Each structure stands twice: as structure tokens, then as C-alpha cells.
Amino acid sequence: MVSEKTVARHADMENLVSKCGAELLNLLDRVEDADINDIVEVICNLPKIEGEEASKVESRKLVAARMVGKSLQAGDAVFEKVSNAVYLALRGVVLGGSGARGRKLAEMALTKVGAAFLTHKVVEAADVLIVAATISVGVHGPWYKQLADTM
């Protein structure tokens, strides 16, 4: 988008990314088995330009589909960076709590990959993880203690 001069300013790009993120969340909440083509449709249809040629839009969709497909594979630099950011965000909430401190830690981690708008979703997921861990400690804690004592 930037290279095509579709988006002129940094603020415009941030607005576009936020809008795109919201649309993707909406898609993933509505469509249980969304695929790469569905994701590409959302990504490529948001920055529509009035009077743009259909071939240019299709070309952009092909490039986006390849990029998204590649970036969803383990080992890809984008995948690794995003996975690490989500891990750090979850860790921040689990260790820092779901209050202001944990949220700030999560937001800092997610901002590095342009996903700060997902902070509330990460906090919700971390809350579930905390409950599961608490139950696991209650159920398996004595077994872990006995195992540690025998070592």
C-alpha cells in the first residue's frame, strides 16, 4: 500500500491496520473455518481505490495470499516474531495479573508487531489460562510435590 502511494501517511497506515484488524477479528469470530482466501479478501478489500483496475486488485490478492500463507508457517521470520510477541503478552498477563500492570505488559509486547488492538483478547485468553493452571495445581500439585521429594 505504501509503495503504491495508496496510503500516504503513517497515521493513515495505522488507521488502516486497526480497521483491518477489527475486520479480521470479526471474520474469525463469525466464520469458524476461515481460510487464507477469506483473510486475503478482508486485507485487500479495505484499501479499495475508486476506479482501480480489477487486474491490479487481483495481483495484490495473489501477492497477499502468498505472503499470508508463507507467514503462517513455523520457521518463518514473521510467524516467529508474532508468536514470540503473543507469548510475551500472555506471559505478561499471567505474571503481571489481568489488571493495569499485566495489560500494559501485554500491550507493550503486542505493539512491537502492530497488534496492540488485540490486548483485550490476550487478557481474556490469559484469564482462562490462569484458571486452568490454578485447577491443575490443585489437582496435580500433590503429585508434583511427591515427585520432587523423591528426586
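A residue is called buried when its relative accessible area is under 20%, exposed when that area is over 50%, and partly exposed in between, as computed with a 1.4 Å probe and with protein chains only. The structure examined here is a predicted model, in which local features need a pLDDT of at least 70 and side-chain atom pairs count only at pLDDT 80 or more, while totals for chains, interfaces and linings use all residues. Residues are numbered from 1 along each chain as its sequence is written, and side-chain values use heavy atoms, with hydrogens and water left out.

Salt bridges were considered first. With a salt bridge defined as a side-chain nitrogen of Lys or Arg within 4 Å of a carboxyl oxygen of Asp or Glu, the structure holds five of them. One of these joins the side chains of Glu 41 and Lys 61, with a distance of 3.0 Å from N to O. Glu 41 belongs to helix α2 (residues 36-45) and Lys 61 to helix α3 (residues 54-71), so the pair ties together parts that lie 20 residues apart in sequence. Helices here are DSSP runs of type H or I with at least four residues, and they are numbered from the N terminus.

In helix α6 (residues 119-150), Lys 145 and Asp 149 are four residues apart, or about one turn of the helix. Their closest N and O atoms are 3.4 Å apart, and the two residues form a salt bridge. Lys 145 is exposed, at 54% relative accessibility, and Asp 149 is exposed as well, with a relative accessible area of 55%. Elsewhere, salt bridges that share partners join Glu 41, Glu 58 and Lys 61 into one network.

The surface also carries a nonpolar patch, formed by Trp 143, Tyr 144, Leu 147 and Met 151, which together have about 520 Å² of accessible area. Such patches are made of residues with over 30% relative accessible area and no salt bridge, nonpolar side chains (Val, Leu, Ile, Met, Phe, Trp, Tyr) being joined within 5 Å and like charges within 9 Å; accessible areas come from the Shrake-Rupley method with a 1.4 Å probe, and for residues only the protein chains shown count as cover.

Methods: Helix = DSSP H or I, 4+ residues; strand = E, 2+ residues; numbered from the N terminus.
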